[in-house]
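These are my notebook entries on a structure that is new to me. I set down each item as I looked it up.

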Amino acid sequence: MYLKRKIDKWLKKWKDNKNHLPALIVGVRQCGKTKSIKEFGKNNYKSYAYINFWNNNDCISFFENSLEVDDVINNIALYFSNIEIKPFETLLIFDEIQECPRARLFLKNIAMDKRYDVIASGSYLGINGYVINDSTPIPTGYEDIFRMKTMDFEEFLWANNYKEEHIKQLENYFSKKEKVPTPIHEKMKKLFNQYVCIGGFPNAVSTFVETHNLSTSCKIVKDIMIDLKNDFGRRINKDGDLTFKTSEVARIQSAFDLIPTFLVKENKRFITSKILNGSSLSKYNAIEYLKQTGIVYPVYNLEIPSLPLLVHKKSAQFKLFPTDIGIFSSMMGNETIRAINNGDLGQGKGAIYEAAVFDSLYKEAIDVFYYAKDTGLEIDFVICYSGKAYLVEAKSKNGNTKSAKTIMNNPNHYGKTYLLKIGDYNVGMENDIITIPHYMTFLLKGNDDLIVDDLSLK
């Protein structure tokens, strides 16, 4: 079954723009890139030709010599003898394009030629120097780029037959700060808990929708984790051979496995020195690799929780979160998943609360930070929302907001701030404090323009 995704709307808008460039879809492995692109090709073109450079690396030879559009198209047409490749009617799909830098360079010629639509995608495009010793330039300015993530809670609701009008009704409660009726509130809480258990990998979500079997869906998430971990250190040279040493892969594995260890502590800051063996630089590189693959995301501490947040970032202090809540729940084990499904998100000293809120903020393209001082003053997250600095407390119903009140009561020192409480609440607002349930976090929209005109990914 095909699950409706937010990229569907973006791709339609991309095609309708007469001046569109080749599309480049960037995202973590198994987030649904290929399925969405093929579905779009099937519904919007008379035909499509699909090349996966990972599985069909012999197709790399199509780009070794001439990059003239007609020369490459003729090679592709000869390879796909059962597909009639026609200008303006056939979509070309280049998957795992990081394996063939010259195919990406070819996008510039396609953009200038304007006869063929191309959608390229890759799981490792964020890794700097993915192909070692390759000097092929990047077609900067000739790609429309979309950063795809795993499914957020809104997409999870779509998968469970909730329509746009249902989402709109939730938005109305949110915007008016009116309490959600109890039966709806309880139903949304249950759905959100299921989402926290499973996460947003489409294969796991579709299995859950079809079977309503949580164990089977969680098993799929575990299998995805194994698949991701088996690919740690995936970086090749010009001959297609993996280049990372065994010790480097072990450090990447160590960095990943340490994530829940720190997030369940009172001070959730990731301590880089705890990573397995190696220099400080090599340990930092392990984290950087995980970040570039899209598997994890660092949330940095701030000097002060004041706008503009980015200029106050403390690069040496960060929490490290998986980019999908299903990964984190799986890392925490079956007992934790069972407790979450039963309504207890307070597992691991609030780690699930924080990870679930991060998941929603990250997937809505909101820049996320946190604030902590040695004095004990600590805020789970700090974001810019509606042009204001919001302290975000991801707590249970009886969460302690002492730190937030201290900051809000001292604007001369910390800047003007507001408080957003996310937890086992209904909707409410009092003075500068907004209260929402976990399941409404996805309504905090960030940067809706996910097209990046000039992004040099390699």
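**Entry 1: the sheet.** I began with an open sheet of eight strands, whose order is S9-S8-S10-S11-S12-S13-S15-S14 and whose pairing is mixed. I noted that the edges are held by strand S9 (313-322) and strand S14 (428-430). Each of these has a single partner strand, so one side of each is left without a neighbour in the sheet. From one strand to the next, I recorded a twist that averages 30°. The model I am reading is a predicted one.

Entry 2: I then looked up how strand S10 (residues 369-372) is joined to strand S11 (residues 378-385). The two run antiparallel and are joined by three bridges. Which residue in S11 is the bridge partner of Phe369? I found that Val382 takes this place.

**Entry 3: two packed helices.** I looked up the packing of helix H10 (residues 246-257) with helix H12 (residues 280-292). Their axes are 9 Å apart, and the packing angle is about 70°. Angles of 65 to 115 degrees count as roughly perpendicular, and H10 and H12 are therefore roughly perpendicular to each other.

Which residues meet where H10 touches H12? From H10 I listed Arg251, Ile252, Ala255 and Phe256. From H12 I listed Ser282, Lys283, Ala286, Ile287, Tyr289 and Leu290. Sorted by class, this contact has seven nonpolar residues, one polar residue and two charged residues.

**Entry 4: backbone details.** I checked the loop between S8 and S9, where Pro308 is placed. The peptide bond that leads from Leu307 to Pro308 is cis, and its omega is near -5°. I also checked Glu96, which lies in the loop between strand S3 (90-95) and helix H4 (101-113). Glu96 is not a glycine, yet it has a positive phi of about 50°.

**Entry 5: confidence.** The pLDDT of the protein averages 92, and 95% of the residues score at least 70. Where does the pLDDT fall below 50? I found this over residues 447-458. In the model, this stretch has 39 contacts beyond near neighbours in sequence.

Terms used. Residues are numbered from 1 along each chain as its sequence is written. This is a predicted model: local features need pLDDT of at least 70, side-chain atom pairs count only at pLDDT 80 or more; totals for chains, interfaces and linings use all residues. Side-chain values use heavy atoms; hydrogens and water are left out. pLDDT is the predictor's confidence in each residue, from 0 to 100. Contact means heavy atoms within 4.5 Å. Axes are lines fitted to C-alpha atoms, for helices over the stretch in contact, and angles run from 0 to 180 degrees between N-to-C directions. Helices (H or I, at least four residues) and strands (E, at least two) are DSSP runs, numbered from the N terminus. Angles under 35 degrees count as roughly parallel, over 145 as roughly antiparallel, 65 to 115 as roughly perpendicular and the rest as oblique. Ala, Val, Leu, Ile, Met, Phe, Trp, Tyr, Cys and Pro count as nonpolar, Asp, Glu, Lys and Arg as charged, and the others, Gly among them, as polar. Two strands pair if DSSP finds at least two bridges between them.
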